[in-house]
Amino acid sequence: IVTRYDVDGFQLDYIRYPASFPADRFSYRKTTWGYTDVARAAFKAQYGIDPVDIDPKNPDFEMLWKAWNDYKVAQVSNFVHTVTDDIRQKRPNIQISAAVFPDADSALALKHQDWRTWALNGWINFYAPMTLTSAIKVVDRDTRNMLVSTQNKIPVYSGIFGPFNENSAEHVLSQIDTAKQAGASGYVLFDTAHLTARTLEALKAVQVPKVVTTPPPPVAEVAAP
């Protein structure tokens, strides 16, 4: 993509393990991800135990359980580092972003998405946190939390899900305004398939800068000889 096409940026989406229930849930093993043959063999070669045999509820396995989760976090982070480094070698000035879940602790625990480290290491140029909801207070909270968690080192472009949730044009504009007031550098709308004509017109009205016409300076009159 970056070598064959003149793109401005590259977005990393689904850059995580799929969502799963917390480890203390009965259905955890059936709903979690990462227990592939390759991962199990690699982990066992390093720690001497198949991760399938690690019981997260057993205190005796506490250190191994942490090691298994750290292993999965490392798989995602190493991929992000490898991909972004490769892209920048080919296109040094390209903008690289990532769609992440805005609660850093939850993203790390349930999806093994350590986006704080990616930001602090300079791998990502900006984030597009997925708020998922229509609630104004959540847009505000998620945007502020993202900026605090990344120590304001990179811009945050709040992910606005108003169109997908079929919100009114007025509510979508309120979400955008809330994100900006919370410190967002911009916003990302999800998604184009759900953008109504009214919302598009509303966005045009607030996005297009007003043209300011400056009258030409007065020309000094030349006195007749």
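In this predicted model, helix 2 passes helix 3 in a right-handed crossing. The axes of helix 2 (residues 37-47) and helix 3 cross at roughly 130° and come within 11 Å. With angles of 65 to 115 degrees counted as roughly perpendicular and those over 145 as roughly antiparallel, helix 2 and helix 3 are therefore oblique to each other. On the helix 2 side the meeting residues are Ala39, Ala42, Phe43 and Tyr47, and on the helix 3 side they are Leu64, Ala67, Trp68 and Tyr71. Sorted by class, that contact comes out as eight nonpolar residues, with no polar and no charged ones.

Helix 6 and helix 7 make another packed pair. Here the axes sit 8 Å apart, and the angle between helix 6 and helix 7 (residues 169-181) is about 30°. That angle falls under the 35 degrees cut-off, so helix 6 runs roughly parallel to helix 7. The crossing of this pair, helix 6 with helix 7, is right-handed. Helix 6 brings Ile136, Val139, Asp140, Thr143 and Arg144 to the contact, while helix 7 brings His171, Ser174, Gln175, Thr178, Ala179 and Gln181. The class tally for helix 6 against helix 7 is three nonpolar, six polar and two charged residues.

Now for the cores. The largest nonpolar core holds 28 residues, and the members touching the most other members are Leu12, Trp115, Trp118, Ile124 and Tyr127. Two or more residues of this core come from each of helix 3 (62-90), strand 2 (95-100), helix 4 (104-111), helix 5 (115-120) and helix 6 (136-149). Apart from it there is another core, of 10 residues, with Ile49, Ile54, Trp68 and Tyr71 among them. Trp68 and Tyr71 also turn up in the helix 2 and helix 3 contact described above.

Two of the tryptophans in the largest core can be followed through their contacts. Leaving aside neighbours within four places in sequence, Trp115 is in contact with Val100, Phe101, Pro102, Asp103, Ala104, Ala107, Tyr127, Met146, Ser149 and Thr150. Trp118 is part of helix 5. Its relative accessibility is 0%, so Trp118 counts as buried, the cut-off being under 20%. Not counting residues up to four places away in sequence, Trp118 touches Ile15, Val76, Ser77, Val80, Ala98, Val100, Gln113, Trp123, Ile124 and Tyr127.

Note on methods: Residues are numbered from 1 along each chain as its sequence is written. This is a predicted model: local features need pLDDT of at least 70, side-chain atom pairs count only at pLDDT 80 or more; totals for chains, interfaces and linings use all residues. Side-chain values use heavy atoms; hydrogens and water are left out. A nonpolar core is a set of buried Ala, Val, Leu, Ile, Met, Phe, Trp, Tyr and Cys residues joined through side-chain atoms within 4.5 Å. Buried means under 20% relative accessible area, exposed over 50%, partly exposed in between (1.4 Å probe, protein chains only). Helices (H or I, at least four residues) and strands (E, at least two) are DSSP runs, numbered from the N terminus. Contact means heavy atoms within 4.5 Å. Axes are lines fitted to C-alpha atoms, for helices over the stretch in contact, and angles run from 0 to 180 degrees between N-to-C directions. A crossing is left-handed if the near helix is turned anticlockwise from the far one by less than a right angle, and right-handed if clockwise. Ala, Val, Leu, Ile, Met, Phe, Trp, Tyr, Cys and Pro count as nonpolar, Asp, Glu, Lys and Arg as charged, and the others, Gly among them, as polar.
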